[in-house]
Amino acid sequence: MSSAPPAESAFERDVLPHLDLMYRVALRMTGEAANAEDLVQDTVFKAFRAWDRFHQGTNARGWLLTILRNTFINDYRRRRRAPALVDIDVAEPHRLIHEHGGSHSDGEFFHALVDDRILAAIEALPEEFREVVVLSDIEGLGYAQIAETLEVPVGTVKSRLSRARRQLQARLLDYAIEAGIVRPGQVS
Amino acid sequence: MSDARLDCAEALALLQDYLKEELTLDNQSRVATHLAACGHCLEHAHFERNFLAALERAARGVRCPGEVAARIRQALRSGKPG
């Protein structure tokens, strides 16, 4: 007599499809695969224990991201190996390229950068910038959803994104120059 | 008000949110109108669009490792995770 596979629980159905998303966010926040794996597991188990407080039919993704973020702040933040850089004022990269007559002002060079370089540049951002970029520009969440997850006003999300993207562009432009994709004479 | 034309500074200030389709319908169309008429801002829009596309692509292949997913599933099935 063969037994049917155990029925998938509502929890598994609603939560497990978000494992990849949780892992990517955890990886960018912790900066290390081993910590990211632990953070995802802790998040799922916490969600499991809190499942009766989750409103069925609402957005499990946002609920999980909030748990993940709180778990990161409480248990993982101090384990990050390298302190993130502080917020710095940088010139607006597009203007910089454009004013010097560069032939890269359409930003095609961004596509020539390897993914690891882009992800490393995101990881070097200050934490509050890193999390908005990851949620918005890597994972594609809308501003309202991000504001809800981070419990800040939408205007705060927008201003953090704007500063984060500018820093990121400046850093990626530096990488592009180092890699010989953009020649320095065309920028400065 | 919704008919008011944007100047370049106004259009550029809205550009990233326009590309993310986060503006009101009014403002989406005002930025689009400006870009259709302004080569300089259109080029800036290409720059921002290429930047955002590169970010979107960068982590696309990153997945939760299979053994981690399996470990989590198993713990959930045991009924006593954590």
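## Composition of chain A

Of the 188 residues in chain A, 37% are buried. The model described here is predicted. Chain A contains 9 helices and 0 strands, and its elements follow one another along the sequence as α-α-α-α-α-α-α-α-α.

Contacts in chain A between residues at least 6 apart in sequence can be sorted by how far apart the partners are; 72% of them join residues at least 24 apart.

## Confidence of the prediction

For the complex, the predictor reports an ipTM of 0.90 and a pTM of 0.89. Chain B has a mean pLDDT of 93, and 95% of its residues reach 70 or more. Within chain B, helix H4 (residues 66–78) has the lowest confidence, with a mean of 94, whereas H2(B) has the highest, at 97.

## The two domains of chain A

Chain A is divided into two parts: domain 1 covers 10–79 and domain 2 covers 93–186. A distance of 25 Å separates the C-alpha centres of domain 1 and domain 2 of chain A.

Where the domains of chain A meet, 10 residues of domain 1 are in contact with 10 residues of domain 2. On the side of domain 1 of chain A that touches domain 2, helix H2 (19–30) and helix H4 (60–76) of chain A each supply at least two residues. The most comes from H2(A), which gives 5 residues to that side. Sorted by class, this side of domain 1 of chain A has 4 nonpolar, 3 polar and 3 charged residues.

## The contact between chains A and B

The contact between the chains takes 33 residues from chain A and 26 residues from chain B. On the chain A side, two or more residues come from each of helix H1 (10–15), H2, helix H3 (33–49), helix H6 (115–123), helix H7 (127–138) and helix H9 (154–178) of chain A. H3(A) gives the most to this side, with 6 residues. The side of chain A that touches chain B has 15 nonpolar, 8 polar and 10 charged residues.

## Helix H3 of chain A

H3(A), which gives the most to the side of chain A that touches chain B, has 17 residues. From its first C-alpha to its last, H3(A) reaches 25 Å, close to the 24 Å expected at 1.5 Å a residue.

The buried residues in H3(A) are A:Ala36, A:Glu37, A:Leu39, A:Val40, A:Gln41, A:Asp42, A:Thr43, A:Val44 and A:Ala47. They pack against H1, H2 and H4 of chain A, and also against H4 of chain B.

The loop between H3 and H4 of chain A holds A:Gly57. A:Gly57 is exposed because 7 other C-beta atoms lie within 10 Å of its own, and a residue counts as exposed at 12 or fewer. Although A:Gly57 and A:Asp14 are 43 residues apart along the chain, their C-alpha atoms are separated by 9.2 Å.

## Helix H1 of chain B

Helix H1 of chain B spans residues 8–19 and has 12 residues. H1(B) reaches 16 Å from its first C-alpha to its last, close to the 16 Å expected at 1.5 Å a residue. Its buried residues are B:Ala11, B:Leu12, B:Leu15, B:Gln16 and B:Tyr18.

Which helices do the buried residues of H1(B) pack against? Their partners are H9 of chain A together with helix H2 (25–37) and helix H3 (39–58) of chain B. H1(B) is followed by B:Glu21, whose phi is positive, near 55°.

## The segment before H1 of chain B

B:Leu6 is found in the segment before H1 of chain B. B:Leu6 counts as partly exposed because it has 18 C-beta neighbours inside 10 Å, whereas a buried residue needs 20 or more.

Not counting residues up to four places away in sequence, B:Leu6 touches B:Ala11, B:Arg30, B:Val31 and B:His34. B:Ala11, another residue touched by B:Leu6, is one of the buried residues of H1(B).

Methods:
Residues numbered from 1 in each chain as written. Chains lettered and ligands numbered in written order. Predicted model: local features only at pLDDT ≥ 70, side-chain atom pairs only at ≥ 80, totals over all residues. Domains from an automatic or database assignment. Contact = placed C-beta atoms within 7 Å. Helix = DSSP H or I, 4+ residues; strand = E, 2+ residues; numbered from the N terminus. Nonpolar A, V, L, I, M, F, W, Y, C, P; charged D, E, K, R; others polar. Expected span 1.5 Å × (residues − 1). pLDDT = per-residue confidence, 0-100.
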